[in-house]
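Reader: I would like to learn how to read a fold from its coordinates. Can we go feature by feature?

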Amino acid sequence: MTGLMQGKRGLIMGVANDHSIAWGIAKSLAAQGAQLAFTYQGDALRKRVEPLANSVGSSLLVPCDVEDVASVDGVFATLAREWGKIDFLVHAIAYSDKSELKGRYADTTRDNFAKTMVISCFSFTEIAKRAADLMHDGGSILTLTYGGSTRVMPNYNVMGVAKAALEASVRYLASDFGPQAVRVNAISAGPIRTLAGAGISDARLMFNYQRAHAPLRRTVSIEEVGGSALYLLSDLSTGVTGEVHFVDSGYNIISMPHPEALKA
Ligand code: NAD
């Protein structure tokens with residue numbers, strides 16, 4: 001299967017390095033003929049993102065810090081000038097103070113709650129609105145979430161609350177943009193070793209626990225998330241919007257670990 005994304009152009013936000021989930025998605029889209037633009041957060045990351053972008057034939061690289069609305073506006077002004085329209089957008093951005101990704105949720109501070117919500121949740125709404133304005137022939141928008149949104153995951157804390165709000169945003173935005181044939185979905189990925197993932201206290205334990213107890217008895221790769229993203233961003237899924245699609249080796253369906261796994 002090749003050329004699913006031939007003739008389509010889109011923006012990838014959230015590549016920090018070649019372990020990033022956004023990079024797994026970018027590779028799968030590029031392999032199917034998509035033309036990609038990338039954002040990077042600050043000069044330190046530009047050094048990492050630029051060679052990756054070049055390797056998939058992209059020369060459209062724009063700085064963006066989602067805490068700064070002018071920089072968000074700058075990204076979409078560049079896309080409007082260079083391309084005129086886009087067909088898809090990937091938002092793979094999250095942040096919370098590491099010192100609060102441990103201990104009790106109850107101890108979350110007001111400042112970090114607000115910062116986490118703005119970067120990890122509100123930025124999606126702000127960006128999706130601008131992206132939808134550039135999707136003149138319809139389009140597809142995707143964000144990344146985690147199962148800590150609906151079930152308590154130790155140490156995930158305020159990020160779980162932000163992901164719950166992000167998933168609700170997916171549904172409201174899907175309703176807002178549906179009449180203009182713009183679809184909005186999320187992938188809920190299982191734990192993957194990335195920069196952001198490593199910020200959560202006991203990340204290794206979470207990773208090993210899910211590997212032991214998920215139906216597939218393994219974790220997922222960024223390439224597997226990329227495969228599902230390709231489906232949601234391509235015309236294979238034109239009837240799908242407002243969905244949270246799990247790519248987690250089936251971990252979300254489990255109530256109690258299998259007795260055999262507990263004995264092991
Ligand atoms: P990552 O560290 O590779 O990517 C996180 C990205 O967020 C980075 O590129 C960083 O530059 C960007 N970012 C943070 N603050 C920003 C800001 N103010 N402005 C612009 N960009 C900013 O980690 P990742 O795991 O690939 O994370 C991507 C998404 O996937 C996140 O939403 C994360 O919550 C989600 N996710 C990750 C996992 C996991 O286990 N790694 C599981 C499920 C969902």
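Reader: Which residues are buried in helix 1?

Author: A caution before the answer: this is a predicted model. Burial here is a neighbour count, with 20 or more other C-beta atoms within 10 Å as the cut-off. In helix 1, the buried residues are I21, A22, W23, G24, I25, A26, S28 and L29. That is eight of its eleven residues, and helix 1 is mostly covered. After helix 1 comes G33, with a positive phi near 95 degrees.

Reader: What is the order of the strands in the open sheet?

Author: Begin with the general idea. Strands of a sheet pair through backbone hydrogen bonds, either parallel or antiparallel. Here seven strands form an open sheet in the order 3-2-1-4-5-6-7, and the pairing is parallel. Strand 3 (60-63) and strand 7 are the edge strands, each pairing on one side only. From one strand to the next, the twist averages 20 degrees.

Reader: Which helix packs on the sheet, touching strand 5, strand 6 and strand 7?

Author: Helix 5 does, and its direction makes about 160 degrees with that of strand 6. Helix 5 (residues 157-177) also belongs to a right-handed β-α-β unit, together with strand 5 and strand 6.

Reader: How many bridges join strand 5 to strand 6?

Author: Seven, and strand 5 (residues 139-145) runs parallel to strand 6.

Reader: Why is strand 6 largely enclosed by the rest of the structure?

Author: Count the buried residues. Strand 6 covers residues 182-189, and eight of the eight are buried, so strand 6 is largely enclosed by the rest of the structure.

Reader: What is L61 in contact with, leaving aside its neighbours within four places in sequence?

Author: Its contacts are F38, Y40, V49, E50 and A53. Take V49 as a distance check. V49 and L61 are twelve residues apart along the chain, and their C-alpha atoms are separated by 8.5 Å.

Reader: Last, the ligand. How many residues surround the ligand, and which are the closest?

Author: There are 27, and the closest are S20, T194, L195, A196 and G197. Helix 1 (21-31), strand 5 and helix 6 (195-198) are the elements that give two or more residues to this shell. Helix 6 gives the most, with three residues.

Reader: How do the residues of the shell divide into nonpolar, polar and charged?

Author: The shell around the ligand has 19 nonpolar residues, six polar and two charged.

Technical notes. Residues are numbered from 1 along each chain as its sequence is written. This is a predicted model: local features need pLDDT of at least 70, side-chain atom pairs count only at pLDDT 80 or more; totals for chains, interfaces and linings use all residues. A residue is buried if 20 or more other C-beta atoms lie within 10 Å of its own, exposed if 12 or fewer, and partly exposed in between; C-beta atoms are placed from the backbone. Helices (H or I, at least four residues) and strands (E, at least two) are DSSP runs, numbered from the N terminus. Two strands pair if DSSP finds at least two bridges between them. A crossover is right-handed if, with the strands pointing away from the viewer, the path from the first strand over the helix to the second runs clockwise. A residue is near a molecule or strand if its C-beta atom, placed from the backbone, lies within 6 Å of it. Ala, Val, Leu, Ile, Met, Phe, Trp, Tyr, Cys and Pro count as nonpolar, Asp, Glu, Lys and Arg as charged, and the others, Gly among them, as polar. Axes are lines fitted to C-alpha atoms, for helices over the stretch in contact, and angles run from 0 to 180 degrees between N-to-C directions. Two residues are in contact if their C-beta atoms, placed from the backbone, lie within 7 Å.
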